[in-house]
Amino acid sequence: MKNSQIAIIIAIAILIGYSLVRLGNSSTYSSFEDAIALNGEKTTVIGFLDLEGSMDFNPKTVQFSFTAKDKKGNISKVIYNQPKPQDFERSEEITMTGYATDSAFIATEILMKCPSKYNEQNEVDSDKIYK
Amino acid sequence: MEYVGEHLWAANLGRGLTALSFTMALLSTFAYYAKGQDWKKLGRFAFRVHAVSLFGLIGTLFFIMANHYFEFDYVWKHTSLDLPARYLFSAFWEGQEGSFLLWMFWNAVLGFILTYSAKSFEGPVVGVFAAVQAFLVSMVLGVYIGDMHIGYSPFILVRELQDNVGLPWTQFTDYLTRFPNFADGSGLNPLLQNYWMTIHPPTLFLGFASTLVPFSYAIAGLLRRDYKSWINSALIWSFFSVGILGVGILMGGAWAYEALSFGGFWAWDPVENTSLVPWLTMAAGAHLLLVQKNKGGVIPSALFMLILTFLLVLYSTFLTRSGVLGDSSVHAFVDLGLSGQLLIYLLFFSIGSLVLLLARYKGLPKKEKEDRMDSREFWMFIGALTLLISGLQITLSTSYPVFNKLFGPEGLMTLYDKDKVLSDPIDHYNAIQVPFAIVIVLLIGAGQFLSYRKTSTALFFKRQILTLAATTLSALLSAWSLKMWNPMYFLLLWASYYAIIGNLEFLIRWAKGNWNVAGSTVAHVGFGLIIAGSLVSNANKDVISKNKTFIHEEFPANENLLIHEGDTVQMGDYWVSWTGQEEEGYYLNYNLEFFKENEGKLEGSFNLKPRIQLNEKMGNVAEPSTKHFLSKDIYTHVTYADLRSELEKGDEEWKNQFDLELLQGESHFLYGKYKVQLDTLVVEAPSSDGELDYVVLGAGISVRTMQDSVYKIMPVYAVQGDKANHVDAEIEELGLKFRFERINYETNKPVISAAERTEEEEPFILIKAEVFPWINLLWLGSLMIAIGTFIAIVTRIRRS
């Protein structure tokens, strides 16, 4: 067998081996309900800010807590041990990576999508038209 | 209907030029692939007309943006009156349409050059360009066929947007002046108001565009069954591509590091990944072409790599522009509804080129003799293979959102019932990519000492005794001083030093500065420096703004430092003081003074001004400030600041208002601290002619503290006619205020409201500061890659 063929076979084996390992290893998107069932395993929840819930940032302990609603409508308190992100109130969707505990979902990473940043619509206030 | 104040000529000109550019690209494609000299001339003519009309359309878009014609949706969305002129370019390519145009611009420029330089290959090479351009121009065509639209034109007017058609306001001919919305646009995202945004996208897109040249040569070669005469041209262009794309990607990293508060230059974000992967495969392809030119026998893999690179650029375009990445990336484009069109584009070129490669595979020249294990070509092949595997790994992991769309719960074919996601992307990629990087830098180090065909083992080692010794010594010294003994990291450090020192030694000692090898050795030293710099600065990154809150080692909760205004606090080796902030345009600059301790005294060291960009329309953004030393950077940004104005904070002099209803003699325990008792109720109600003139009520209250001190006060309530007046009573020492509000006539009890004084909060900010050691190696390496590639290209052009 040629050397280069052996090299290619080794390379393909690495890639397949890697894919198999990864498949068992990746986490999934969950709801808050699923997150609790995962017993503290890391997962990602997509949801949005529940403005009716409480929101608090304590700068001394750098703890930010808020209430979020996931896509299935489950509501959970979320604790994020980082400074409160700028313009958090304006976020449209929040991707929270972390794990659930008895009292709250502990987010280690938060990604926000702000509608205003990229696709602000040019809306004309129709009330003004008839005045 | 005639609208007042619209610049319809610009819309017509822009759309006309788009249509012309599209038709000419199509015509050029067909003409170039038809047989005969006249057809070729027509193809060339059509391509040049296409290019010129494309430049015209770009110019028109610039013109309407520079003049703020806000009736155009693109102008309204991406500019505003207060946008400084220097950011006009950034605004131009902020949106999908503009960045497509930027890409087409470079394709047209490169195609234009090729109509002169490609000589006998002009037909099939520029033909591929024309086909690609036809697809790209169709993305900004903006033609509607029924409900389906082809492309999205940057020349669409706001009133023509699908959501707006038929709305009442579009019935006003003077809508532009009638509605204040049209007086100013929404402006450019403050994150992008940065000079990096002016130079990074054009460089990156030139890099993307340049991958098309080797691809076109490969297609042309396959079509003509010619696997020889184009190799040299393709070789030069592929190294051009490697250089430019590399610089473009690194500029993105520099931007993220200098101006965005991501906390580093590389975050393995999908958008970064999908631009890195074509670079990896292009580097592999370019080196295979080198092997082909010097030794031969690798045509199949070289062709595959060049074709794959362009397809990966298309795949990257699809990922970042179709909205697929929405949940997993911070900077993918907003979906314009072009995913179908993008998919057709991707599939057309993927299927077309791969089918062609398969059809021709049998006739491709193969190796006559097997490579020896001690030959340069064998190890270059291994290097190319490693780059490919590394790139495929990144592609697979970045493609999770695509797999979810295909096989997830809502996918075409459900294989798993929950969408999958990488839980810790940075660790994931680092862990897998470090071994690949070790192999690559090892090969880069050894490569120059290997000869084509056969290397004398004795000579191979004899020539690099110095290198091996110097490498081992400096790697041990560095690891010792940085305390970096993780075996994988140490191996990578050793290997990258080997690449740097080996190439330097080769250039100085053995090649004696020969220009023919200078380019590649300088670029390879640069690559080694980039790997060493990334490794050292990342693996030894030190957060110095630690506070004492400690929750759990996995929680980075203690990485932010709270500083009160005027305070000086310790941070790592420094003492830092926040002396206030000042406004500068859109920015709020926070002045941080750093001091070093010297024999018990603090000596001023340097100042930093991390800032927050204030933008009412799009939200506030923190920008870091970095002090650069030769051996390290100190990187700070404000992670929290109270940006409320005095007015917004409100007149919150008093808080916790609480109503007490007490009868004489009754008491209440207030705020868990004070015993409040109503001692007496004094009434004064003089009357004349049987009518009450006024009533004055005084509540004699005693407040007893936990320390047993007693304060006696009397708030007063006065009523005359339907007017009421209060005279509040304050206890200065306790910060308490009482008001006699009224009498509750249902219970006949006086209502006294109490309130506590808000303690004046001292202003504070939270900052995060990190030390990146030796990050300058990375930038030096980037510079050397650019210079080395430039030298290599110039010497190759001269030789050919």
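Two strands are said to pair if DSSP finds at least two bridges between them, and the model discussed here is a predicted one.

Reader: How many bridges join strand β4 of chain B to β26(B)?
Author: Strand β4 covers residues 542–543 of chain B and runs antiparallel to β26(B). One position in this pairing is B:D542, which stands opposite B:V771 in β26(B). Since pairing asks for at least two bridges, the count to compare with that cut-off is the one for β4 and β26(B), namely 2 bridges.

Reader: Which residue of β26(B) does B:L562 stand opposite?
Author: Strand β5, residues 561–564 of chain B, pairs with β26(B) in the antiparallel sense over 4 bridges. Within β26(B), the residue opposite B:L562 is B:L766.

Reader: How many bridges join strand β13 of chain B to β26(B)?
Author: Strand β13 spans residues 632–641 of chain B, and its B:I634 stands opposite B:V771 in β26(B). The two strands run antiparallel, and the number of bridges joining them is 9.

Reader: Is strand β26 of chain B largely enclosed or largely open?
Author: A residue is buried if 20 or more other C-beta atoms lie within 10 Å of its own. In strand β26, residues 764–773 of chain B, 9 of the 10 residues are buried, so by this reasoning the strand is largely enclosed by the rest of the structure.

Reader: Is B:T457 buried or exposed?
Author: B:T457 lies in helix α17, residues 457–462 of chain B. A residue counts as exposed if it has 12 or fewer such neighbours, and because B:T457 has 9 C-beta neighbours inside 10 Å, it is exposed.

Methods: Residues are numbered from 1 along each chain as its sequence is written. Chains are lettered from A and ligands numbered from 1 in the order in which they are written. This is a predicted model: local features need pLDDT of at least 70, side-chain atom pairs count only at pLDDT 80 or more; totals for chains, interfaces and linings use all residues.
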